[in-house]
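Please look over the sequence and the model below before reading on. The paragraphs that follow lead from one part of the structure to the next.

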Amino acid sequence: MTKITEQEIEKVKGLRVKFDQLVNTIGQVEVQLYNLQEQKKELQVSLLNIQQEESSLAKELEEKYGKGTVSLDTGEFSPNK
């Protein structure tokens, strides 16, 4: 059996430490990606809720005032012609 030098052993150990650090970092990134995906899902649900509320309000205003547009600056309703 041949024994390798201390310098070679240190190189192998150094590579093993770098590998372990990299694997750990990859794991942390995966956890962050998972959290971001979950946050994205929650935001998509919120977006759908807002769109539904907007649609419901538009129908409500149309029933009350008819078809037209509302100026958010002045609060005035302009009926379609």
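A residue is called buried when its relative accessible area is under 20%, exposed when that area is over 50%, and partly exposed in between, with a 1.4 Å probe and protein chains only. By this scale K41, with a relative accessible area of 49%, is partly exposed, and E38 counts as partly exposed at 27% relative accessibility. This is a predicted model, in which local features need pLDDT of at least 70 and side-chain atom pairs count only at pLDDT 80 or more, whereas totals for chains, interfaces and linings use all residues. Residues are numbered from 1 along each chain as its sequence is written, and side-chain values use heavy atoms, with hydrogens and water left out.

Helices (H or I, at least four residues) and strands (E, at least two) are DSSP runs numbered from the N terminus, and helix α1 takes in the 60 residues 6-65.

An α-helix has 3.6 residues a turn, so residues three or four places apart point the same way. E38 and K41 form a salt bridge (a side-chain nitrogen of Lys or Arg within 4 Å of a carboxyl oxygen of Asp or Glu), with their closest N and O atoms 3.3 Å apart. A search of the whole structure finds one salt bridge.

After α1 comes G66, whose phi is positive, near 90°. Beyond it, strand β1 contains G68, which is partly exposed with a relative accessible area of 34%; the C-alpha atoms of G68 and K11, 57 residues apart along the chain, are separated by 75 Å. The loop between β1 (68-70) and β2 (77-79) holds D73, which is exposed at 78% relative accessible area. L72 is in the loop between β1 and β2 as well, and is exposed at 82%.

Which residues form the nonpolar patch on the surface? They are L57, L61, Y65, V70 and L72, with about 510 Å² of accessible area together, and α1 gives the most to this patch, with three residues. Such patches are made of residues with over 30% relative accessible area and no salt bridge, where like charges are joined within 9 Å and nonpolar side chains (Val, Leu, Ile, Met, Phe, Trp, Tyr) within 5 Å. Accessible areas come from the Shrake-Rupley method with a 1.4 Å probe, and for residues only the protein chains shown count as cover.

Terms used
Expected span 1.5 Å × (residues − 1).
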